[in-house]
Amino acid sequence: MPKTISEKILADHAGRPEVFPEELVEVRVDFAFGNDITAPLAIEAFRRAGAKKVFDRERISLIPDHFIPNKDIASAIQARMLAEFAKEFDLPYYFEVGRMGVEHALLPEQGLVLPGDVVVGADSHTCTYGALGAFATGVGSTDLAAAMITGRIWFKAPPSIKFIYKGKLRPWVGGKDLILYTIGRIGVEGARYRAMEFAGETIDSLPMADRLSMCNMAIEAGAKVGIITPDSITEAYVSARAKRPYKFYNSDPEAVYEAVYEWDMSDIEPMVALPHSPQNVKQVTEIAETPIDQVVIGSCTNGRLEDLRLAASVMKGRKVARGVRCIVIPATQRVYLEAMEEGLLETFIEAEAVVSTPTCGPCLGGHMGILAPGESAVATTNRNFVGRMGHVESKVYLSNPAVAAASAILGHIAHPREVLN
Amino acid sequence: MKIRGKTWKFGNDIDTDAIIPARYLNTTDPGELAAHCMEDADPQFASRVGRGDIIAAGKNFGCGSSREHAPIAIKAAGISCVVAHSFARIFYRNAFNMGLPILECPEGAERILTGDELEIDLDSGVIENRTRNETYLAQAIAPFMQKLLRAGGLMEYVREQMAEQMAAWKTEDR
């Protein structure tokens, strides 16, 4: 029977010829990880279960990234739990400050999550790795603990929804805009419990960084996974960095989808999600002139080198508007170094932005850029819920890095061409 | 198992930042988390909620982050059950893993209001609204999820399974 890429990966990992949507399956896990917020609960559950070892020390990663470098004593104690656990079980992929990055930027960059994998992470944006053709999904800490012990997890196989994008994208429109557009169309529960499969000619030519941004936000539509069939772009990205063998899966042409959407993307402008939901999406031109107090460029959604290049291309030779704080956060140490070598950091600093060490920090209102009551921010992050970046009376607008950079320069939400013209 | 309690009603898309804001995630202590439960949706909630009370909500309850602190905070605040039109998937898993009973019931989610006295039969999914003299039927809990609840949560289930299956898994060709 024809199958989707998600169904094929699950079937192989369950040791079955095929699986059907809604079926409960127990599958083998290729990689499991947690961060400084979620891993402490997983470690507590691991110990309560009386486990004496992990299923495979090379398939588990602990990444302190949310409240690090430690923002306070309580966070320091949580981060230390990860370090101690990693030492006790001799985990090679524990990433200390100085080696770390925002987890969903770091793990693909390091070649630790790969096409065809089943990946579970105790973080909702684990769905990012669908960009590589992996079945990757966020789970809670207890699920992570169970996976760390057994190397297995149970899933309800999700029905798939196919999104076919057509047309050539306009300048300054990328993966972030495609996914914001999509969430705007189907809503924050439009793909609840589903696999979102992104396809079509627009995706075929979409660079890996944009694909990662897209799949990253599948969870904002409620999806279990966002996934793209691997191709030559995938091969070029993973072949140089893969730490283990990988396998390309694809969807059969006759595979069954719960729904198929087909959209022409050639006319869309950069998109912005307005407070307080990722589904409140408008074209940037519809809300231009909205004043802002802060800009954050970074995160697991848009903290990659390509994102920083886009932002720098808008900011080069210009200054951040008076009254605006612009915070740039390279997502990993490697991104940081490469951005330095390319002169991007110089561009940001000369523009009077600040450049931070990698951290999730402001995205979740942790630290490094918290908003006061009444303040507004444009952020390249993924969520704009009430209070997400600080006070409950603050606001977050989600955008791509070029729009964020243009907004920083002009002091209000702006299309990049407003700056460059 | 039967649950009886007074209801607190919330709307659609109650996200995990509303259930327990990230600024409090530098602890795993259930009591501390409970003190800030639902803070950004209703600042009075944590101080007014009573043991055994019930949350009713609209669509997509628990959307957003994977933080297990969300069901932990709700459970530690004394909430005995969450009835919603629908749940976000990671929250749904986490609730069962934590042993927090949750029921999907669109009709109930629509009709129930703050203050209503409910009696819920978790086995049958029948929700009786004593205040309005109405009865709603929630979607049945999947057999596998019932197995988890019977075991007392995921880790207890894993512990049962570990002894019999670990040996077989270890020898499996990876």
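Chain A has a radius of gyration of 20 Å, which agrees with the value near 22 Å that a compact globule of 421 residues would have; the radius is taken over C-alpha atoms, and the globule rule is 2.2 Å times the number of residues to the power 0.38. The model is a predicted one, in which local features need pLDDT of at least 70 and side-chain atom pairs count only at pLDDT 80 or more, whereas totals for chains, interfaces and linings use all residues. Residues are numbered from 1 along each chain as its sequence is written, while chains are lettered from A and ligands numbered from 1 in the order in which they are written.

Along its principal axes, chain A has C-alpha atoms that fill a box of roughly 60 × 50 × 40 Å. Its secondary structure consists of 16 helices and 18 strands, where helices (H or I, at least four residues) and strands (E, at least two) are DSSP runs numbered from the N terminus. Of its 421 residues, 62% count as buried, a residue being buried if 20 or more other C-beta atoms lie within 10 Å of its own, exposed if 12 or fewer, and partly exposed in between, with C-beta atoms placed from the backbone. Among the contacts in chain A with a separation of 6 or more, 76% are accounted for by residues 24 or more positions apart; two residues are in contact if their C-beta atoms, placed from the backbone, lie within 7 Å.

The domain assignment divides chain A into domain 1 (5-262) and domain 2 (272-420), with bounds that come from an automatic or database domain assignment. The centres of these two domains of chain A, taken over C-alpha atoms, are separated by 24 Å, and the contact takes 35 residues from domain 1 and 31 residues from domain 2. On the side of domain 1 that touches domain 2, the elements giving two or more residues are helix H4 (103-109), helix H6 (175-186) and helix H8 (208-216) of chain A, and H6(A) gives the most, with six residues. By class, this side of domain 1 has 16 nonpolar, eleven polar and eight charged residues, where Ala, Val, Leu, Ile, Met, Phe, Trp, Tyr, Cys and Pro count as nonpolar, Asp, Glu, Lys and Arg as charged, and the others, Gly among them, as polar.

A:Met100 lies in the loop between strand S4 (93-94) and H4 of chain A, and A:Met100 counts as buried because it has 23 C-beta neighbours inside 10 Å. Leaving aside residues up to four places away in sequence, A:Met100 touches A:Ile63, A:Pro64, A:Asp65, A:Phe95, A:Leu106, A:Gln333 and A:Pro358. A:Met100 and A:Ile63 are 37 residues apart in sequence, yet 6.8 Å apart in space from C-alpha to C-alpha. Helix H5 (residues 141-150) of chain A is mostly covered, with ten of its ten residues buried, and H5(A) is followed by A:Gly151, whose phi is positive, near 70°.

Chain B has eight helices and seven strands. The radius of gyration of chain B is 17 Å, close to the 16 Å that the globule rule gives for 174 residues, so chain B is as compact as a globular protein of that length. Its C-alpha atoms fill a box of roughly 55 × 40 × 25 Å along the principal axes, and buried residues make up 49% of the 174 residues.

Seven strands of chain B form an open sheet with mixed pairing, in the order S4-S3-S2-S1-S5-S6-S7; two strands pair if DSSP finds at least two bridges between them. Strand S4 (102-104) and strand S7 (134-137) of chain B stand at the edges with a single partner strand each, so one side of each is left without a neighbour in the sheet. Within this sheet, strand S5 (residues 117-121) and strand S6 (residues 126-129) of chain B run antiparallel and are joined by four bridges, and the bridge partner of B:Asp121 in S6(B) is B:Val126.

The two chains also meet, in a contact that takes 35 residues from chain B and 46 residues from chain A. On the side of chain B that touches chain A, the elements giving two or more residues are helix H1 (16-19), helix H5 (89-98) and helix H8 (154-171) of chain B. H5(B) is mostly covered, with ten of its ten residues buried, and H5(B) is followed by B:Gly99, whose phi is positive, near 75°.
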